[in-house]
Structures are given as C-alpha cells and as structure tokens.
Amino acid sequence: MTSPAKRILPVEELARDERFVRIGIDERFNDPRTAGRTGTAARVGRGFKPESRNAPDRARALMHGIFVGEIQALEGAGRTCWDFEVGTGPDDVPFELKLDMARQCWDESRHCEISVKLGEWMGTEIGEFAESTFLYEAACNPDPVLRLTGVNRALEGLAIDVFNTMKEFGAATGDPVLEFCEDWMLADEVTHVKMGSDWLRRITEKDPDRRAKALEFQKVVDKLFSGGGFRGESEDSPIKLARRFRELAGFTSEEVDEISDISRQARAEAEARMAARA
Amino acid sequence: MADPKKPRPAFAPWDRRELPGAFTVEESARRVGNYKWVEMRLFEALGGWVATVPELDVKMRLGTHCYKHAWHAELWHKRLPELREMNPDRLTLPANDDIVAFMDAMTEPEGPDKTIEKLVGVYRVLIPHKIAAYTYHLNNTSTITDAPTIRSLKFALQDEFDDWRDGEMLIQSLIESEDDVRRAADHQVRLETLMVKAGGVAGPGSLGDPTVPTAQEVSV
C-alpha cells in the first residue's frame, strides 16, 4: 500500500542543507535595521553604482539573492510539473504547459549553477546572506493560471530587470564573466516571461474573469517585489525596469508603465512608513 | 569522377538496413504510448522532488533530468499521430495496473531524508528498465519502416545513459554506511519486484517476444 506524495508543498517544507538561513516575510519587513526598505533593497541601498565604496558588497548580496531566487524558481517550476494533472478542468493544465515548466526546471538549474559559480567568483559563501522565500510562496498558488502569472510574469519579469542591471554592472566594472553570464540568463528569462504571457492568453481566452484575477495577482506580486522602490525607473532605483527586454517577452508598453507606477507607489508608501517611524 | 549516369544500387553496399521488423504499426504505437506515460510520470516526479531534496547538487541534477524526460514524452506524443493514433491521449496509458503500482511506489518517498530512496527508484530500477525496453524496441523494429521511432529511441537512450551514470554516481556519493547500503538495497528489491510483476515499462514483452500476452489478456 502506498501513500501518494502531497500536492502543493508548503514553504516550510522546502528542503535545504544546513548552510542556508531562512527568514520569513514578516521578519524581513519588520526588521528595524531596514525600516522602510525591505529585503535586497535594504542591502543594496539606493542606487547601484560601480563607483560606490559599497558596490562590491552590494553586488555580492544581490548575487546571493539571485542564487536563492533561482533555487526557488527551480522548485516552483518543478512543483508545477507535479501539482497539476493534465486536462481541461479549472484545476488542470495542458500537457504542453507542463513541458514548458520542465524546460524551465532545466533553465533554472543552470541558473543555480551559474549563480553559485559567480557567487564564488565574487567571494561569497553559500548561506552568507539570509534567504527569504517570497518567490516560492508565489509559486504555491493552487490556481495554475494565477501561479503562472505570478511567477512567470511578475517574478521572472523582475529577474529580467535584475539580470539586466547586473549585466550593466558587469560591463561598468570591467567584469566580462559577470556580463557574459547575466546576458545568457537574461535570454532565458525573456523566454520564461513569454511562456507566462502566452499561457495566460491561451488558457483564459474564453474566461475574462479568470484573466482579470490572474493579472490582479500579478500586480500584488509586482508590488511586493517593488518593495521600497527597489525596482523602478527613478535615477536611484537599484534595479532598473528593463523595458526593451520586457517588451520582447510580451509585455505591452502600457503594462510596463503600470509596473513603473506600482514601483513608484511602493516607494512612496515605504517613505511614508519611514517618516512615520522617525 | 564516377559517371553520374551509371546505374547504382538503391542501397549502398554498407547500408544493411532491412524491411522486416518485429512490430506492427499498432504494436509500435502501443509501446510508444506506454513510453509516453512512463516519461510523463517520471518528469512530474523529478520536478516535484526538486523542492524536497536538501542536497544542492542533487536538486540541480533533478531539475536538469526533469526536462530530458519531458522532452522524451514530447517526442512520443508527436510520434503517436504518425502511427495512426490521432488522439495521442487514447494511447498514453500504463502498460498494466502493475506498472501503475510501481510508479506509485517509486514516487512515494517525499521527506528530505529520503533522497537515497528517490534516487534508487529512478536510477537503479526505472531507468535501467527503460534502457532495456528502448534498446529492445530499437533492435527489433524495422530499420526502414519505423525509422522515425528509431531516431527518437536513439535520442532518448543517449539521455538515459547519461542520466543513469549521473544518478548512480549521486547514489554512490550518498551511501556512507552499511545502513545506507541496506536502505538502498531494500528499496531496490521492493521496486524491482513490482517492476518484474509489471513485465517492464511496456508490460510483458518489454524486452522479449511481443506476442506474449499482456497481463490483462492473461486475466481475461
């Protein structure tokens, strides 16, 4: 007699070796040392300029964030292969969607390999920075369309912005290995975002309500990951919105404008919080 | 230069391909449908396990292998309509109930302390049986009429051999004590027994006479 492995693996059960240190979303947002800014925004700070004295440490922190993000992206894509049956019901997914998720698993595995090697190259040890698990949490949505939209459009969209920023940082600091690797990962991320855009359109073709719900979920995730204006179009945003690559991945100009607005709003809210605490 | 007008044989002297093969169109399609079912269950399990294994190198390998088996499933999915099955879902079936029992048992280990069991099921039982079934099909089907299946089998086998080696090396690197050896062996025995009952990934005849009746036919 066998008992089947569960569908939807809770975030608490993500398996890690002893080097990893996990912090929850509440802990991160309520950390008094980073009041007003959150997560990587706090570590990276305003602006991400090569001439800054802290730039190497900021780059190391960001690279470690990318590494743990890639692990979770791998886990999320893998769970989408497992969590849903092939079919046409609301809880099912098309066979081809699963194939895309399996392909994404391979891509994310390579990204883990690349980012762990880049981290070593930059002098970082695994576990030197804490891991927050927002990304995987977005990948636990029980509705496959919402999951795909949250992960492949919002989070992989953020990855486009992050990789483009790191690629430019590599170019500006004369690090051809960093620039080269980020450019390759950027190509994969454009593919993943395009997958998300295509599946959203195909699955919700005759279901505008579900599409609206999925896009709403994407906004929530986009706002979460714009925390404190971490990603935006302001001069001092650490991570810049990569408009050209997002458009390649199927975003319209209006959709990119909307993300830019969400980022501005997130920043204003963070500044208001800081002012209230002062 | 040789005279271009001079008649030449249709088959060059070194081309030893032959028309006869052991499988009809229907039999080849049935096996391909069984392969697709197995590849699907396998890539889904590998994908699901990624989040449950704490070992970083294993995690990344499973993510890589997950895609290879999904790609094999896609190859078989695309081959089915070419074998006169216009609705591939109709033949995407387990060979029999025993292979379903095998897959259920193989995918059962879930906890972070079960990496050895997960790897043993895939790399010491299932993949060797897939290699056997694919090789049998490759060596017995018509090299001319079923050439597209042969091409896909060769692609799949290349991956299977690579992944088998990867998986076996991971298992060896994880086994450190007599207890670990026993764990791995016990799990292998349990799964191998189920696989023997199933008759292989394509049922009885997976690597033998394709006219041997299937389990369902025997029970009727």
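I am working from a predicted model, in which local features need pLDDT of at least 70, side-chain atom pairs count only at pLDDT 80 or more, and totals for chains, interfaces and linings use all residues. Residues are numbered from 1 along each chain as its sequence is written, and chains are lettered from A and ligands numbered from 1 in the order in which they are written.

I placed A:Leu158 in helix H6 of chain A, residues 144-172 (helices are DSSP runs of H or I with at least four residues, strands are E runs of at least two, numbered from the N terminus). Leaving aside neighbours within four places in sequence, I found A:Leu158 in contact with A:Phe225 and A:Arg231 (contact: C-beta atoms, placed from the backbone, within 7 Å). I also noted 8.8 Å between the C-alpha atoms of A:Leu158 and A:Ser226, which are 68 residues apart along the chain.

Next I turned to the two chains. I read that 29 residues of chain A are in contact with 26 residues of chain B. On the chain A side, helix H3 (55-83) and helix H4 (95-121) are the elements that give two or more residues. H4(A) gives the most, with 12 residues.

Last, I checked A:Ala102. Beyond its neighbours within four places in sequence, A:Ala102 is in contact with residues including A:Cys81, B:Phe43 and B:Cys66.

Note on methods
Two residues are in contact if their C-beta atoms, placed from the backbone, lie within 7 Å.
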